[in-house]
Amino acid sequence: MNERLQVLLDKYKPSKLGIHSTGNCYESTAYYVKQFEEWQQCGFSWFKLLVAGDSGVNTVREMRKHNLPIIPVIRFWFGDHSYPSATLSPDQIKPYVDAWGEPLLFETQNEFYAGSEYAGNMPSNWPDLIAHEWAVMTNAIINGGGIPCTPAIEGWNYDRIFVPLWNILTGVGGYRALVEQSVVAGHWRTLNHPPASYMKDPGGYMGWQWVDKYIQNTLGHSLPLLGTEAGPEPGWNQDKTFPSVTPESHKDMCLEIIRMEKPDYYLGDCFWLWEGS
């Protein structure tokens, strides 16, 4: 495990409860400060913060000023761009580390296969391009004092996306050492499937177990896992063999996830999506 991460875990002894920020990477710090008390009442230990450049530095600084026992997970949004033009430097990482006063987590290449993240169609050699891009940014994160995450992928894209990329990252291309220093980020969403009992494919919440087994088979051991997006959304009805998600069933599905037994290396879930009280 990444030594910086181990220090954080020993210090904060976090719960497995987390929350995702609003979908606005320029959300005001004042908005989040108003939520701090409720977040602590909820027992959150992880906060995934969507940022563009240094847009979240002040929010992280306020989290430290308020002594929140909540670990930030900084998710960079680069806007629409084609492969593989996104990059980071240590100078873009250090302001967040300095504002927090110690290492924190960073996530890049969120659902990189989605049109809202990357412009244009994926070229045939996308696994090599994404792996190289990830390695450049991961080195910057490490050199800037942060803790890197792997690219976050939805469960229903594991065979098509996760496996080809993971085979490159853990192959002979020199990326494996960086993988060993990373937290495996995933989007353990549910669609409208029951979180615990739906095991037909990795597309449900329990897809994290499929990822964990794949990692164990590849590396010979598990890595820390973090659901940087997790849970259902009211109104979801993708699978017509199951009921649509209502506000009431949304609550029940989230509680089912929260109460589920998970291994120590499963760090937590950042539930989608915080939009205020």
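Student: Contact here means heavy atoms within 4.5 Å, so which residues is leucine 105 in contact with, leaving aside its neighbours within four places in sequence?

Tutor: Before the answer, note that this is a predicted model, in which local features need pLDDT of at least 70 and side-chain atom pairs count only at pLDDT 80 or more, whereas totals for chains, interfaces and linings use all residues. Residues are numbered from 1 along each chain as its sequence is written, and side-chain values use heavy atoms, with hydrogens and water left out. With those neighbours set aside, the partners of leucine 105 include Leu5, Leu8, Trp46, Ile71, Pro72, Val73, Ile74, Ile147, Cys149, Val183 and Leu226.

Student: Which residues have the most contacts inside the largest nonpolar core?

Tutor: They are Trp39 and Leu105, in a core of 80 residues. The largest share of that core, eight residues, is supplied by helix α6, residues 126-143. A nonpolar core is a set of buried Ala, Val, Leu, Ile, Met, Phe, Trp, Tyr and Cys residues joined through side-chain atoms within 4.5 Å, and buried means under 20% relative accessible area, with exposed over 50% and partly exposed in between (1.4 Å probe, protein chains only).

Student: How many helices and strands does the protein have?

Tutor: There are 10 helices and nine strands, where helices (H or I, at least four residues) and strands (E, at least two) are DSSP runs numbered from the N terminus. The radius of gyration is 18 Å, close to the 19 Å that the globule rule gives for 277 residues, so the protein is as compact as a globular protein of that length. That radius is taken over C-alpha atoms, and the rule is 2.2 Å times the number of residues to the power 0.38. Buried residues make up 54% of the 277, and the C-alpha trace spans about 45 × 45 × 35 Å along its principal axes.

Student: Back to the details: which residues of α4 are buried?

Tutor: In α4, residues 57-65, the buried ones are Val57, Thr59, Val60, Glu62 and Met63. They pack against α2 (29-33), α3 (36-42), β2 (46-51), β3 (71-76) and α5 (90-100). Just after α4, asparagine 67 takes a positive phi of about 55°.

Student: Where is glutamate 111, and what is its phi?

Tutor: Glutamate 111 is in the loop between β4 (105-107) and α6, and although this residue is not a glycine, its phi is positive, about 40°. Most residues other than glycine have a negative phi, and most peptide bonds are trans. Leucine 191 also has a positive phi, of about 50°, without being a glycine, and its place is the loop between β7 (184-189) and α9 (207-219).

Student: Is glutamate 111 buried or exposed?

Tutor: Glutamate 111 counts as buried because its relative accessibility is 12%, and leucine 191 is buried as well, at 15%.

Student: Which peptide bond is cis?

Tutor: The bond from tryptophan 272 to leucine 273 is cis, with omega near 20°, and leucine 273 belongs to the segment after β9 (266-271).

Student: What about threonine 108, buried or exposed?

Tutor: Threonine 108 is buried, at 1% relative accessibility, and lies in the loop between β4 and α6. Beyond its neighbours within four places in sequence, threonine 108 is in contact with residues including Phe76, Phe78, Leu88, Trp134 and Met137. Its C-alpha is 9.2 Å from that of alanine 86, a residue 22 places away in sequence.

Note on methods. Contact = heavy atoms within 4.5 Å.
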